[in-house]
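Dear colleague,

I am passing on the structure we spoke about, placed just below. Please have it open while you read the notes that follow.

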Amino acid sequence: MQLIIAAVGHKMPAWIETGFAEYVKRMPPELRIVLKELKPVERSGSKTAATAMALERERIEAALPKSVRIIALDERGKDLTSVGLSQQLEQWQQDGRDTAFLIGGADGLDPGLKAKAEGLIRISSMTLPHGMVRVMLAEQLYRAYTITQNHPYHRV
């Protein structure tokens, strides 16, 4: 099973790439994290936020496998604990479908894409840089995996 992180944004600072890569390499081969980095739509005077989100939606959808489970990251999403995410991860592993976590651009995710998602998850109630969200999500996916394996990484 793959855990796909489809993120609008590119050219991340080295510390973001290093942090993200650290958690990716810790994951087992049967539960790989794959990053699909998508170039944001350039904003100009003629492009509204809605137009940019719609164009980014097309890029996101084109980058995803057809039968993938979509989980959108959104500030109004479900606030999961690490243990809650580990329980969700176990359920997803049982059906074996790849799961894609969507991180929108500066304007967020297109409402139609959020409506299409099988779930909405909130990483934080605070506003975070998109690159940091990648690192935090990768760390939480690794933590969720270690919880399912009774590994001591996660301390109660």
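The side chain of Ser82 makes a polar contact with the side chain of Gln140, at 2.6 Å, where a polar contact is a pair of N or O atoms within 3.5 Å and, within protein, one must be able to donate a hydrogen and the other to accept it, residues adjacent in sequence counting only if both atoms are side-chain atoms. Please bear in mind that this is a predicted model, in which local features need pLDDT of at least 70 and side-chain atom pairs count only at pLDDT 80 or more, while totals for chains, interfaces and linings use all residues. Residues are numbered from 1 along each chain as its sequence is written, and side-chain values use heavy atoms, with hydrogens and water left out.

Ser82 belongs to helix H3, which covers residues 82–95, helices being DSSP runs (H or I) of at least four residues, numbered from the N terminus. With a relative accessible area of 16%, Ser82 is buried (under 20% relative accessible area, with a 1.4 Å probe and protein chains only). Apart from residues up to four places away in sequence, Ser82 touches Gln140, Arg143, Ala144, Ile147 and His154, contact meaning heavy atoms within 4.5 Å.

H3 and H5 pack at an angle of about 75°, with their axes 8 Å apart; the axes are lines fitted to C-alpha atoms over the stretch in contact, and angles run from 0 to 180 degrees between N-to-C directions. That makes H3 roughly perpendicular to H5, a term for angles of 65 to 115 degrees. On the H3 side, the residues that meet H5 include Ser82, Val83 and Leu85, and their counterparts in H5 include Gln140, Leu141 and Arg143.

Thr146 also lies in helix H5, and this residue is buried, with a relative accessible area of 1%. Leaving aside neighbours within four places in sequence, Thr146 is in contact with His151, Tyr153 and His154.

The other packing partner to look at is helix H1 (residues 14–26), which packs against H5 (residues 130–148) at an angle of about 15°, with the axes 9 Å apart. H1 and H5 are therefore roughly parallel to each other, the limit for that term being under 35 degrees. Among the residues that make this contact are Trp15, Ile16 and Gly19 of H1, together with Gly131, Met132 and Arg134 of H5.

Conventions: Helix = DSSP H or I, 4+ residues; strand = E, 2+ residues; numbered from the N terminus. Parallel < 35°, antiparallel > 145°, perpendicular 65-115°, else oblique. Buried < 20%, exposed > 50% of the residue type's maximum accessible area, 1.4 Å probe, protein only.
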